[in-house]
Amino acid sequence: MISLTDFLMVSAALFCIGLYMIVSKHNAIQILIGIELMLNAAILNLVAFGKYDKIANGGQVFALFAIVLAAATTAVALAIILNVYKKYKTIDPGRINNLKD
Amino acid sequence: MLPLFAGIVNSCLPGKRNKVSGWIATAAILASCVLSVIIFAKTWNVRETHVQQLWFTIGDTKLYAGILLNNLSALMLLLVSVIALPVHIYSTAYMKNDENYDRYFIYLSFFCFSMLALVVVDSMVLLYVFWELVGFSSYLLIGFWFTREKAVQANKKAFLMNRIGDVGLLTAIIILFAQYHTFDIAQLFGEGGLAGQPTITNGLWVAHGGGLPAIWQYIACGGIFLGVAAKSAQFPLHTWLPDAMEGPTSISALIHAATMVAAGVFLLGRVYPMFTTAELDILAVIGCFTAFMAATIALTQNDLKRILAYSTISQLGFMVMAMGIGAYASSLFHLVTHAFFKCLLFLVAGIVIHQMEHIKKDNDLDIDPQNILYMGGLRKKMPFTFIAAVIAGLALIGLPLTSGYLSKDGILIQAVDWSDSKSLLFRLVPIGAIITTWLTAFYVARMIVKVFFGEFRLEQFHPHIKYHCSDGGWQYRATLILLALACLFPFFSLNPLLYEQGWIFGGFNSIQLARVNPYHTIIPAGVNILSVLLIYWAWAVYTGRKILVFPQTGLLFRLSYHEWFIDKVYNKVLVRAVLAFSKALSWFDHNIIDGFINLLPLITIALSKITAWIDHYIIDGISRVLAFIVQITGNFVRRFQGGKIQYYLFSMLAIVLALFILKILI
Amino acid sequence: MSLAQALFYLMGFIVVASALFVASTKNLVRSIFMFFITLFALAGLYVLALADFVAITQVVIYVGGILVLILFAFMLSGKETLNVLQQQKSKFISLNKLPAIVLAVLFFIVMVNVIGKINAGNLGWIKQVISAKAEIKPNDEMINNIGINLMTRYLLPFEAISILLLTALVGAAHLARKEGRA
């Protein structure tokens with residue numbers, strides 16, 4: 001059988017890849033995808049642990065909730081990116097540095 | 001004192017123009033002459049006068065300045081002023097066309113002042129002072145025509161040789177002071193003086209106050225002798241005198257015939273009691289040798305003044321020799337007579353040369369006006385001069401009826417007597433003296449014959465020249481008459497043949513020889529007869545009657561003609577060595593000392609360059625590095641607030657990670 | 001190795017590989033399409049984790065909704081946006097990303113370390129569940145379970161989520177409005 005540890009490993013890998021994308025990409029939408037990846041890693045984790053909870057089934061339920069929230073997040077994030085593009089004419093987060101000292 | 005003042009006033013006065021200064025100088029000399037006669041009358045054989053004053057004190061030693069007038073100084077005083085007077089008169093005519101007329105008289109007065117002072121001072125220190133001044137004035141006068149190269153070299157040589165003598169004299173004075181603790185001449189050398197007393201026993205110079213090793217006495221005497229040799233032109237310091245003939249002839253007459261060169265003999269007279277017998281013997285030998293040597297050289301010289309110069313050297317040798325053999329009085333007697341006839345001879349030579357120069361200028365010839373080969377037959381043209389020259393020449397030779405006879409034969413007789421009491425070797429001294437006398441006769445005759453007799457030889461070399469010669473103005477004639485009279489015997493002694501009756505002779509203590517001594521008759525007779533023969537022979541030879549003509553070549557001739565090569569030896573050995581040494585020193589000074597001094601700024605410049613480099617690179621470098629570090633750090637840290645959100649996130653995560661790792665590891 | 005395990009490794013590999021591709025490519029379009037694959041593979045993993053409803057939900061919402069939304073937002077933004085979005089530096093291997101890579105790798109190491117330490121298979125409550133035979137079996141019907149739990153036990157989060165969704169909808173619609181007529 002598939003051990004829990006394997007799921008956790010995959011999840012960890014996905015999380016780190018998502019982290020890498022957030023920190024190093026120059027495109028806002030790719031950062032968004034990185035966030036999605038991180039979320040997906042978290043959901044995988046939930047599902048993996050949820051196998052051992054037949055009665056309350058918390059793992060799978062919260063996985064559902066998480067997916068819904070991810071959708072909402074993405075919608076709002078895209079709207080924000082659109083607005084940012086309208087103002088700054090670029091979606092490179094490195095260039096949007098009006099908050100600098 | 002009074003002649004001194006006259007001299008000083010004289011030397012302060014000039015600065016005026018030509019003729020006037022000449023008359024002022026002459027008037028001053030006339031005044032001093034008169035005064036010296038007065039002094040002489042008061043002092044001679046009557047009493048001594050000694051006046052002193054405290055000059056200065058060093059420590060415990062007091063130095064006095066004052067005047068000592070005894071027989072010797074009174075005589076010298078009279079001599080100097082009496083000789084100087086005709087020379088001054090003569091000079092006013094001789095130098096009348098010279099543009100430096102006033103300078104000449106300044107120097108002449110200065111010289112007279114120094115000489116007069118020299119003979120009257122009473123302290124060895126003052127003696128030395130005036131000794132040097134006399135040497136200095138002669139330097140000025142020899143080089144009077146300093147635009148001529150030869151004159152400049154001659155006066156340099158004279159001064160240097162005199163300097164050597166001065167060193168000797170100074171040494172002697174100091175040694176005497178160390179021994180006797182006084183500079184006073186009267187105390188040292190007068191009657192019962194200190195210097196006359198001591199003896200040399202067991203190698204120690206015993207004296208009143210203490211003893212010194214005997215060597216000092218010899219050195220002192222050697223020092224005195226050096227001074228005498230330099231001033232009076234004895235061997236080996238005689239070479240300056242012939243060269244000193246570059247000066248005006250009247251100067252040669254005064255200084256080098258009569259007075260300055262006599263200063264050496266005067267010094268001997270002053271310090272005479274100090275010498276021991278051995279030293280006196282040496283003195284005699286050297287004097288004789290000098291006389292002989294000079295006479296041989298004078299035989300072949302062709303320059304009129306040089307003949308006279310060598311003759312002076314020879315006669316001075318006589319005087320020194322006389323001192324050496326103990327004929328103190330005769331020596332001084334000869335000094336006086338020599339002064340007169342030598343001065344006269346020089347003045348005659350001056351006139352002749354003057355005429356030759358006129359001829360040269362008139363006809364634009366290129367001849368040496370002093371060369372006797374060009375002269376001749378002047379007897380007819382300048383009769384007055386001729387007579388004066390003959391008188392002086394006869395006096396020089398020492399024939400009877402002249403004053404020279406009295407003094408010179410006195411010396412000869414005493415020389416023979418003296419050598420009697422010595423060993424056989426010392427026989428050479430009087431023999432040498434006698435031979436010298438004959439040589440003197442020959443060269444004097446040669447000179448007079450060549451100049452005054454025969455044909456005027458210049459015509460043979462340069463025909464068709466116009467000339468006229470005359471005796472010159474009253475200044476010349478008066479001078480010549482005065483001096484010529486003094487050459488004759490009545491001036492000095494009433495008896496022409498017996499020298500003991502000369503009044504000078506009676507003024508000094510000396511050995512009185514018995515009249516019965518056979519030498520008293522043999523020597524004068526023999527010497528004089530042979531002299532007359534020699535004169536005739538010279539006349540015969542040089543007026544062209546070809547009897548025993550001497551060869552003009554051959555070793556002896558060459559030796560004599562080139563002055564025994566002494567001058568050349570001196571030049572090669574001494575002069576070159578000194579010049580090389582001074583060149584080495586100046587090279588040393590220029591390169592090493594100046595080089596060292598030039599090195600210091602170079603070092604300073606190098607040091608300052610190094611400092612600048614250090615300052616520029618190292619010190620500035622440190623501050624630059626610091627600024628660079630700050631800049632980098634700032635740049636690095638600034639990036640964290642760059643406004644890039646990803647950096648913010650990155651830093652946050654990095655910290656979290658670090659925490660995790662620390663947690664896990666630790 | 002059973003079929004399930006082989007399938008798991010396959011799915012896992014696809015997930016990680018496509019995620020890596022998504023992370024490394026500079027081209028936005030390519031990363032979005034690879035994200036597709038990642039999401040599908042994740043759904044497979046969910047199935048293997050005996051969470052079939054979650055897998056379906058993932059496919060429907062994530063792939064069919066979110067990804068399509070991103071695609072629409074991206075494709076319909078106009079030419080300038082496309083140009084801007086596609087303008088990237090074209091270095092193959094650049095060290096600009098090195099710090100991020102280092103960070104990610106370190107994070108991964110740390111997590112692996114932790115996972116290894118907890119020894120998830122031997123946790124206390126898991127053992128209890130296994131011994132009580134209360135774990136989900138492949139044959140079970142879980143949809144029933146999810147439905148009942150959703151309405152009884154998790155009613156509050158359910159309602160909260162719906163309100164949240166509503167506000168998100170309204171907000172996104174407002175944010176993305178066109179500016180008023182000039």
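**Legends to the close-up views**

**View 1. Pro430(B) is in contact with Leu412(B), Ala415(B), Val416(B) and Ser419(B), neighbours within four places in sequence being left aside.** Two residues are in contact if their C-beta atoms, placed from the backbone, lie within 7 Å. The model is predicted: local features need pLDDT of at least 70 and side-chain atom pairs count only at pLDDT 80 or more, while totals for chains, interfaces and linings use all residues. Residues are numbered from 1 along each chain as its sequence is written, and chains are lettered from A and ligands numbered from 1 in the order in which they are written. Pro430(B) belongs to helix H18 (residues 428-452) of chain B; helices (H or I, at least four residues) and strands (E, at least two) are DSSP runs, numbered from the N terminus. Pro430(B) is buried, since 25 other C-beta atoms lie within 10 Å. The term buried requires 20 or more other C-beta atoms within 10 Å of a residue's own, exposed 12 or fewer, and partly exposed a count in between, with C-beta atoms placed from the backbone. A distance of 9.5 Å separates the C-alpha atoms of Pro430(B) and Met321(B), which are 109 residues apart along the chain.

**View 2. The largest nonpolar core comprises 159 residues.** A nonpolar core is a set of buried Ala, Val, Leu, Ile, Met, Phe, Trp, Tyr and Cys residues joined through C-beta atoms within 7 Å. The members that touch the most others are Val320(B), Met321(B), Cys343(B), Leu344(B), Leu345(B), Val348(B) and Ala392(B). Helix H14 (residues 328-363) of chain B gives the most to this core, namely 20 residues. At least three residues come from each of domain 1 (1-255) and domain 2 (276-561) of chain B, the bounds being taken from an automatic or database domain assignment. Beyond four places in sequence, the contacts of Val320(B) include Val228(B), Val265(B), Leu268(B), Leu283(B) and Ile286(B). Another core, of 71 residues, lies apart from this one, with Leu8(A), Phe49(A), Ile67(A) and Tyr154(C) among its members.

**View 3. H1(A) and helix H25 (residues 645-665) of chain B cross at roughly 135 degrees, their axes coming within 8 Å.** Axes are lines fitted to C-alpha atoms, for helices over the stretch in contact, and angles run from 0 to 180 degrees between N-to-C directions. H1(A) and H25(B) are therefore oblique to each other; angles under 35 degrees count as roughly parallel, over 145 as roughly antiparallel, 65 to 115 as roughly perpendicular and the rest as oblique. Leu19(A), Ile22(A), Val23(A) and Ser24(A) of H1(A) make the contact with Gln646(B), Leu649(B), Phe650(B) and Leu653(B) of H25(B). This contact has six nonpolar, two polar and no charged residues. Ala, Val, Leu, Ile, Met, Phe, Trp, Tyr, Cys and Pro count as nonpolar, Asp, Glu, Lys and Arg as charged, and the others, Gly among them, as polar.

**View 4. Chain A contributes 58 residues and chain C 69 residues to their contact.** Helix H1 (4-24), helix H2 (28-50) and helix H3 (58-88) of chain A each supply at least two residues of the side that touches chain C, and H3(A) provides the largest share, 19 residues. The classes on this side of chain A are 42 nonpolar, 13 polar and three charged residues. Chain A has three helices and zero strands, and 54% of its 101 residues are buried.

**View 5. Seven residues of chain C are in contact with seven residues of chain B.** On the side of chain C that touches chain B, six residues are nonpolar, one is polar and none is charged. Chain C has eight helices and zero strands; of its 182 residues, 22% count as buried.
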